[in-house]
Amino acid sequence: MAAIVAGTVLFSGTVTTGQAVATPTRESLQKALDDAVAAGAPGAYAAVLDQDGGWYGRSGVGDVTTGGAPDPRGRFRAGSITKSVVATAVLQLAGEGKVGLDDHVQDRLPGLLPYTEPITVRQLLQHTSGIPATDRWNSLPEIDTTRWQHQSPDETIRKGTEGKPLAFPPGQGMVYSNTNYAVLGKLVEKLTGDELNSVLQRRVLDKAGMRDSSLPYRYPYVHHAAARGYEQLYGPDAPLTDVTDYEMSRFWGSGNLISTADDLNRFYGALFTGRLFPAAQLAEMRKTVPSGVPAVDSGLGVMRLRLPQGCAAPEAWGFNGSVPGYNTWSMRTSDGARQITVGVTTNLTSETARSAVLRAMFAEFCG
């Protein structure tokens, strides 16, 4: 979120009010990918869809040991973009009358949460439940040393709530918390009688045509990777740590998606054109509250980014994904005319790389 603020303020300063921006050139996007690598990311890649077709870009290396360029059509860990997929399944179930967005979670999942204050399904989806944010690691080396540890959804929820009071009364604030989506994952399983990964595959990924995407839960490998992901975990003078192989069960319903740039473009295209659920549910998804970050509003599993005047559209919709080794943005302009998924292969230990991938997105939307 800090990167969003930095990127938005930085970019807004380059546009004069009322000044029309020329159609974005791919040269500016390619330069932004190159800048991301210069800022410290081993690799960067992007896939664009617009009215003229598609475009792929890449910069840097896909593997610091063997070299070779990233593959912009390969797989990567999509992080919190998983939340958009989970929210889609929940809204499908709401459209089928199996759950109400204003149903109390404590009624649907008795005993799961330690709170007496009633929390609704909508509040979980929108991060207005008051469930506090939780750090997943206590130190940078722990990102490496705990990578093979399994963490069940129940344990994730317990660690995120036990002994931790609500940050505010439900519905009276906004705090981004992965625990919300662990609870939603349990709700989806309760309503369907099936495992979350199977439900999401059948209801969302297959329906959206996401041929190269999956939620592996415990499987730790990324086959046919766009690039390997790295972090600087042991100090600035230590070599990069390859964190591509990771048992990501702790991110179960909040960040466990493996996908491709093409698949994420397909997903948000299907989502925002109403191919995944009826118009009434899409309208609910697009109801936003302020996120606390300038120009960013929080919907149900999606975010709205209000673009500066003079860009290709007034706003873009999608989400950001952030896990060890990968930072991804997948956004679509409100008119559907332009869509981009862009990523870099370092994340938690490089704020400059995170800001650079955000600027790459702005390069496509705003020139």
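Trainee: Let's start with one residue. Where is S177 found?

Mentor: Helices and strands here are DSSP runs (H or I of at least four residues for helices, E of at least two for strands), numbered from the N terminus. S177 sits in the loop that runs between helix 7 (153-161) and helix 8 (178-192). A word on the source: this is a predicted model, where local features need pLDDT of at least 70 and side-chain atom pairs count only at pLDDT 80 or more, while totals for chains, interfaces and linings use all residues. Residues are numbered from 1 along each chain as its sequence is written, and side-chain values use heavy atoms, with hydrogens and water left out.

Trainee: Is S177 buried or exposed?

Mentor: Buried means under 20% relative accessible area, exposed means over 50%, and partly exposed is in between (1.4 Å probe, protein chains only). S177 has a relative accessible area of 0%, so S177 counts as buried.

Trainee: Which residues is S177 in contact with?

Mentor: Contact means heavy atoms within 4.5 Å. Once neighbours within four places in sequence are set aside, S177 touches H127, I131, P132 and A133. Take A133: its C-alpha atom is 4.3 Å from that of S177, though the two are 44 residues apart along the chain.

Trainee: What about disulfides, how many does the structure hold?

Mentor: A disulfide is a covalent bond between the sulfur atoms of two cysteines. The cut-off used here is a pair of cysteine sulfur atoms within 2.5 Å. This structure has one disulfide, formed by C311 and C366, with sulfur atoms 2.0 Å apart.

Trainee: Which parts does the pair tie together?

Mentor: C311 belongs to the loop between strand 9 (303-306) and strand 10 (315-323), and C366 to helix 13 (residues 351-366), so the bond links parts 55 residues apart in sequence. The torsion about the S-S bond of C311 and C366 is about 105 degrees, which means the disulfide is right-handed. Both cysteines, C311 and C366, are buried.

Trainee: Now zoom out. How many helices and strands does the protein chain have?

Mentor: The protein chain has 13 helices and 12 strands. Its C-alpha trace spans about 55 × 50 × 35 Å along the principal axes.

Trainee: What radius of gyration does the protein chain have?

Mentor: The radius is taken over C-alpha atoms, and the globule rule is 2.2 Å times the number of residues to the power 0.38. For 367 residues a compact globule would come near 21 Å, and the protein chain has 19 Å, which agrees. Buried residues make up 57% of those 367 residues.
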